[in-house]
Amino acid sequence: MISRAEPTPPENGTSSSPNANSPLAANVGIDGLIPVRMLNEYSYCPRLAYLEFVQGEWAENLETLEGTFGHRNVDKPDRKQIPARSKSNSKAAKSEETEEEGPTSIHARSLTLSSEQEGLIAKLDLLEIEGETITPVDYKRGKVPDLPEGAYEPERVQICAQGLILRDNGYHCTEGVIYYIASKRRVVIPFDDELIARTRELVRLFRETAISEICPPPLEDSPKCNRCSLVGICLPDETNLLIDQQQLTHERSQLPVKPDGLRKLLPARQNALPLYVQHQGAFVGKSGDRITIKLKGEELSSVRLLDISQVCVFGNVMFSAQAIQQLTNRGISICHLTYGGWFHSMTSGLLHKNIELRIRQYQTAAQANEALQISRQFIAGKIKNCRTLLRRHLSEKEHPVLRQLNEYHRRALRAESAETLLGLEGMAAKEYFAAFFTLLPDQPEFDVDGRNRRPPRDPVNAVLSFLYSLLTKELTVALQSTGFDPMLGFLHRPRYGRPSLALDLAEEFRPLIADSVALTVFNNQEVSPDSFLHKAGAVTMTDAGRKSVIAAYERRLDTEITHPIFGYKVSYRRILEVQSRLLARHLLGELAEYPSFLTR
């Protein structure tokens with residue numbers, strides 16, 4: 001019962017003929033009940049209802065939070081007794097009560113009722129009972145709209161669906177009331193034949209849409225999107241643009257994006273940021289709405305939960321049960337890294353509800369051709385972005401490595417097998433790193449002769465390995481929050497404990513984020529020889545060195561750039577989330593091809 005934007009959002013549904021083979025049939029088939037709030041959403045935007053009800057997506061915004069606040073009183077159930085009725089004996093019961101007890105007046109809050117016949121279930125805000133007549137009252141956060149009907153269709157359908165449920169439970173119900181909190185006014189909605197027919201039609205259409213397993217297309221340039229809380233998940237304008245581009249010829253798709261870009265429906269930056277804890281023996285607790293970090297009883301820091309997107313801990317850090325409960329309930333992942341910076345595990349809440357996406361991910365990974373098609377985009381994007389980084393920094397603009405990487409990019413897009421693709425990726429990486437290490441300052445202590453790891457044998461490779469681990473951690477969180485299983489990839493084969501899909505998606509971002517940060521920290525002298533420890537040929541970072549690299553990495557993620565396809569300013573941190581959602585759009589059939597992220 002949460003109001004969204006105006007025109008206000010929606011709720012409610014009958015049975016239809018479900019697809020017996022659909023894995024969703026058990027949920028929305030003949031035996032499934034549709035919440036009336038979802039019928040409201042379906043009337044407002046079919047795609048919004050599908051994302052919330054079928055794929056289990058949810059996001060808060062100002063409107064939803066205001067709606068929750070406005071419902072704080074009616075969401076508290078009371079203990080009043082309400083006599084149950086049945087359709088068969090309602091008339092007899094009415095006659096008996098009238099004679100023996102006379103008319104009664106009751107107000108009941110937060111009551112859940114359902115109707116098998118209508119295929120609906122509802123949590124009713126408030127019921128006004130006068131004798132045999134019962135009137136549902138639904139609370140809305142906004143003002144009364146200037147409409148002849150007194151309310152928008154989603155609201156009228158929602159209150160009508162509540163009335164149908166009450167009727168099926170044997171109550172006499174001919175009208176409902178919508179109470180607008182901002183106006184403090186009641187609007188009476190009569191349940192006429194036209195509204196009842198429309199409500200039942202929407203129930204049927206929503207049920208058919210849910211069982212079809214095809215997400216309705218995004219609205220086109222609709223004002224409804226501006227205040228929708230799911231706009232960052234739905235990506236309406238971005239999805240429509242990519243669908244149009246991919247339907248055009250290749251030549252036309254290369255047309256530049258219009259100068260003003262798409263509507264900026266999602267914020268460029270995320271307000272919440274990662275919290276890093278690398279003090280060995282530190283204790284992470286909770287105090288009110290804040291996370292506290294203590295060491296030997298002394299408080300080192302205190303951060304509001306609202307400002308935290310994830311908690312990253314290095315080595316031995318302890319948590320209180322209250323802190324873990326609050327973090328997981330709020331969807332804030334706890335990322336565990338070894339003392340040396342190797343990302344090895346994650347603590348989070350229950351799995352994302354989008355089982356539809358995970359089923360499609362498993363099916364695609366099992367199909368070699370489909371997995372290869374996506375893998376080509378990952379590797380081609382990586383090679384192209386490697387070339388871009390070198391082109392920006394090499395003094396010789398016609399350097400041979402640029403031509404060679406162009407050739408590898410072209411061949412990667414046509415690779416006919418995963419083995420061929422991996423071979424091309426390896427050859428391109430060898431050429432790239434040979435040129436990359438020449439971009440570092442001429443400091444003997446940092447001299448390297450190529451990429452090495454496990455363990456890294458020089459400071460540059462130690463920083464690169466650490467940054468790749470942070471990037472993998474970042475994408476693991478992004479993919480899991482989108483609904484993917486980060487452990488099953490298309491390019492990297494499954495291996496115990498390896499987030500293969502995160503490694504897949506990290507390919508195109510390695511040069512843009514990790515390699516770029518490595519150049520920054522060395523060329524700007526943010527790390528020095530004192531930032532590293534040498535042990536039996538292996539090199540690790542000191543706490544101070546790691547802190548400097550993390551700071552540069554976070555600055556890079558917070559950097560805003562102009563998106564090469566959508567034309568608006570957006571941070572790299574947001575781009576990682578958008579790319580994971582575009583990958584989901586491709587797997588679910590909305591986009592014909594996964595679009596790599598390529599900078600110019």
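Helices here are DSSP runs of H or I with at least four residues, strands are DSSP runs of E with at least two, and both are numbered from the N terminus. The model is a predicted one, where local features need pLDDT of at least 70, side-chain atom pairs count only at pLDDT 80 or more, and totals for chains, interfaces and linings use all residues. Residues are numbered from 1 along each chain as its sequence is written, and side-chain values use heavy atoms, with hydrogens and water left out.

Let's begin with helix α20, residues 572–587. Its 16 residues reach 23 Å from first C-alpha to last, close to the 22 Å expected at 1.5 Å a residue (the expected span is 1.5 Å times one less than the number of residues). Of its 16 residues, 16 are buried, meaning under 20% relative accessible area with a 1.4 Å probe, protein chains only. Just after α20, Gly589 takes a positive phi of about 90°.

α20 also meets helix α12: the buried residues of α12 pack against α3, α13, α16, α17 and α20, with contact meaning heavy atoms within 4.5 Å. Among those buried residues are Glu356, Leu357 and Arg358.

Now turn to the sheet. Four strands form an open, mixed sheet in the order β10-β9-β8-β12, where two strands pair if DSSP finds at least two bridges between them. β10 and β12 each have a single partner strand, so one side of each is left without a neighbour in the sheet. Inside it, β8 and β9 pair in the antiparallel sense over five bridges, and Val284 has Ile293 in β9 as its bridge partner.

Terms used:
Buried < 20%, exposed > 50% of the residue type's maximum accessible area, 1.4 Å probe, protein only.
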